Amino acid sequence: LSGRLSGVIDGLGKRGALSEADVAEAMREVRLAMLDADVALPVVKDFVNKVREGAVGHEVLDSISPGQAVAKIVNDALIDALGGAGAVPLNLNAVPPAPILMVGLQGSGKTTTSGKIALRLSTREKKKVLLASLDTQRPAAQLQLQQLAERAGVMSLPIVAGQAPLEIAARAMDTGRREGFDVVILDTAGRLSIDEALMEEVRQIRAATSPVETLLVVDAMTGQDAVNTAKIFNEAVGVTGVVMTRMDGDARGGAALSMRAITGAPIKLTGSGEKLDALEEFHPERVAGRILGLGDIAGLVEKAADTLDHEEGERLAKKMMAGKFDLDDYVSQIKQIKKMGSISGILGMLPGMGKLKDAIGDKDLDTTIFKRHEAIISSMTKAERKTPDIIKASRKKRIAAGSGTTVQDVNKLLKQFDDMSTMMKRINKLGMKGLMRQGLS
Ligand code: GDP
Ligand code: MG
């Protein structure tokens, strides 16, 4: 289907202002792509109508084709509808302990996500986190959370048999206050389908604990039902953020758009696996590409042209292709990437980026890593930067001390650089097209 969409878009050959017919044809395909990605029908209709209005008569610059122009308009609108560029962080602005309430249907991933958030907050933000399971529906649920807490290295509320969810919530907040926790994550029970008793329970817990975040956890595979779930939870308890789980699956993520459209709440995090570290910030631009099954090459070109120093880019590309890329070049590349936004953002604009991203193994590369890498490399000698292989134990110690990092950090950088070199050799061998084909197949 994405092929068909690209076909239509490529077919828009004329220059000048976009005609109604051009746009209508492209929009038909966009509509199908979105339905195929499981965006709920009313959300699709709304989106397509809005974009159609905005696109007709749009002047097309000489430097890009009308097809690219439509692609860009659609992609921009989709990113916008998904919450705009950039991730929205969790809100922890409360007198500690900040309560986070996890809600959603059974099996959506609430308990797992509770563990993931606990791990993230405790390791990245050094928060003292208490996990509490209010799930008295399933016998093993409280035990499941306790085990996750152990794996995440955080505390969980001791299990007391026979307590009702509301009592457990009160005990959790009380423990949180008395023992100086920063965050208390309240994991609630779910049902297979929404019922009034469940909603009432969640409402009461909410009223008793005043959470800073009420996170609706939704399985990305949830298709058209997503709207209903989101509506009911939002009306009953007021969702402040959404977590989309199972983004590692085949789902194209259409539910994300539905969620956002219905609740108005940002998608804050995505789950991409069963492991506790499989939690990522939500990147609207990536999901937009995934929903459309089409990357925004026009946007990439535009962004690149604005900010990239072409000569530097070409110089680096040549060195990469020649296999002569060294740590100095890496720093130069970091600087360019910083100008362009994140690598993830850039990959998000390429077609098939999802799998390509997996092929490259790109995690959330945030700028702190880049800053650290720059610091480490600037503590190296010229020879070390040219030939990283000579960096053995004693040099690593010196570099770590000089850059205010650890030997482990230095090792990580060297490992990453090594992986990158290997990747470049692969690109070299296959060519970028070949690599993408491999990534896509
Ligand atoms: P809950 O009923 O909402 O608490 O759901 P659970 O947290 O118990 O998760 C149900 C199942 O989904 C478990 O087997 C989890 O390991 C799995 N799961 C949760 N999040 C993800 C995810 O992001 N990706 C994948 N592949 N599995 C997940
Ligand atoms: Mg659970």
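**Fold overview.** I counted 20 helices and 8 strands in the protein chain; these are DSSP runs (H or I of at least four residues for helices, E of at least two for strands), numbered from the N terminus. A reminder to myself: this is a predicted model, where local features need pLDDT of at least 70 and side-chain atom pairs count only at pLDDT 80 or more, while totals for chains, interfaces and linings use all residues. Residues are numbered from 1 along each chain as its sequence is written, and chains are lettered from A and ligands numbered from 1 in the order in which they are written.

I then looked at contacts (C-beta atoms, placed from the backbone, within 7 Å). Among those with a separation of 6 or more, 76% join residues 24 or more positions apart.

**Thr245.** I located Thr245 in strand S6, residues 241-245. Why is Thr245 buried? Because it has 29 C-beta neighbours inside 10 Å. Beyond four places in sequence, its contacts include Ser108, Gly109, Asp219 and Gly271. Ser108 is 137 residues away along the chain, yet the two C-alpha atoms are 7.1 Å apart.

**Ligand 1.** I listed 18 residues around ligand 1, with Gly109, Lys110, Thr111, Thr112 and Gly271 the closest (a residue is near if its C-beta atom, placed from the backbone, lies within 6 Å). Helix H5, residues 110-124, gives the most to this shell, with 3 residues.

How values were computed:
A residue is buried if 20 or more other C-beta atoms lie within 10 Å of its own, exposed if 12 or fewer, and partly exposed in between; C-beta atoms are placed from the backbone. Two residues are in contact if their C-beta atoms, placed from the backbone, lie within 7 Å.
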